[in-house]
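Hello,

Here is the structure I promised to pass on. Please have a look, then read my notes below.

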Amino acid sequence: MNKIIITYTEAGLAIAKTIAAGFDVEIFYKDKNVDKVLEDRWSSLDTIIFISATGIAVRKIAPLIKDKYTDPAVLVIDDKAKHVISLLSGHIGGANELAIDIAKTIGAEPVITTASDNRGLEALDIYLRDNGFAYNSREALTMIMGAIVNNKKIYLDADDFAFRYDNFTNDKSEADYAIIQDEGYMINDNKNTLYIIKKKYNMGIGLRRGTDFDVLEKAFQEILKEMDINPKAIKRFGSIDIKKDEEALLELCKKYDRELIFYTADELNEVDVTEKSDFVKKITGAYSVSEAAAKLLGGKIILSKKIIDSITFSITEEI
């Protein structure tokens, strides 16, 4: 389980059981090993709920906190079930939303302290996540979120961006801050600018068994540079299912934090491709791997096939 509840009183245990009836959670009641549990599982947990004093929760998690992008959501509930406090990772971790949901379940009042929520503003980090955007840096995102909370003028140059904010302008001279959409391979960082990158390209990959990761990554970067596509603009990777255990492919997807979808030879053979290869069919069972996989992932083909160091790449763009 990726959600746990920690509590120390009988009243807290009763609340925990009520929550567990509607949420998939693991309960720790008066557990002497809970510090070890938190230390060992911190990076893999989605949610930690304390039914206790806030001070207890703070002392337990303080040595483990890293940053809001990787820390789990942490909530605190008093054992009279009066308040559900979103304590840590309110936006990205989902603590704010969960606090509201649990408060409804147990008849409590949610306590949300994040500035954007208390001003009735849409959270930019949540908008980007839910609408398929990456961004150039966490520092730039934090800076722009601060500008939004303080109602600063922000220059906006983006085609796919529908974030609600009243103080956007298309006049650069009016603003000290900027949000610019750019999927190009190289992004020149400018002061006070957040570059947002739409994840709209899908890449099919075919490669030989035992391909070295360094060779794959070098070829991957070469293709992107040639096509002027930022690595963060890749949405998904695809290949044939006989490559499910191909270490280089798995490592590439892990490093760039993107989904990898595998297709059977029969699924790939159903796709109309530019060029069928009897050689590839003999080895894999499919006439095409990279192009067929890219098309199955979705979008318009913009690169049918390019081979570098015996690795085949195909790219589609979702319009």
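**Helix H9**

In helix H9 (residues 247-255), the buried residues are Ala248, Leu249, Leu252 and Cys253. Buried means under 20% relative accessible area, exposed over 50%, and partly exposed in between (1.4 Å probe, protein chains only). Helices (H or I, at least four residues) and strands (E, at least two) are DSSP runs, numbered from the N terminus.

Seen down the axis of H9, its buried residues fall within an arc of 135°, so they line one face of the helix. That arc is taken over the directions from the helix axis to the C-beta atoms. The face turned away from the buried side carries the exposed residues Glu247, Lys254 and Lys255.

What do the buried residues of H9 pack against? Their partners are strand S12 (201-206), helix H8 (213-227), strand S13 (234-240) and strand S14 (259-263). Contact means heavy atoms within 4.5 Å. Asp257 follows H9, and its phi is positive, near 50°.

**How to read the model**

This is a predicted model: local features need pLDDT of at least 70, side-chain atom pairs count only at pLDDT 80 or more, and totals for chains, interfaces and linings use all residues. Residues are numbered from 1 along each chain as its sequence is written, and side-chain values use heavy atoms, with hydrogens and water left out.

**Pockets**

A pocket is an open set of points on a 1 Å grid over the protein atoms alone, where a 1.4 Å probe fits, with protein on both sides within 12 Å along at least five of seven lines; lining residues have an atom within 4 Å of a point.

The largest pocket has a volume of about 870 Å³. Its volume is the space filled by probe spheres set on the points, which are joined across faces, edges and corners. The lining has 35 residues, and Asp257 is among those nearest the centre. S7 (133-135) is a strand that supplies the largest share of this lining, 3 residues.

The second largest pocket has a volume of about 480 Å³. It is lined by 23 residues. H11 gives the most, with 4 residues.

**Asn230**

Asn230 is found in the loop between H8 and S13. Is Asn230 buried or exposed? It counts as buried because its relative accessibility is 7%. Leaving aside neighbours within four places in sequence, Asn230 is in contact with Glu183, Gly184, Tyr185, Ile187 and Ile197.

Best wishes
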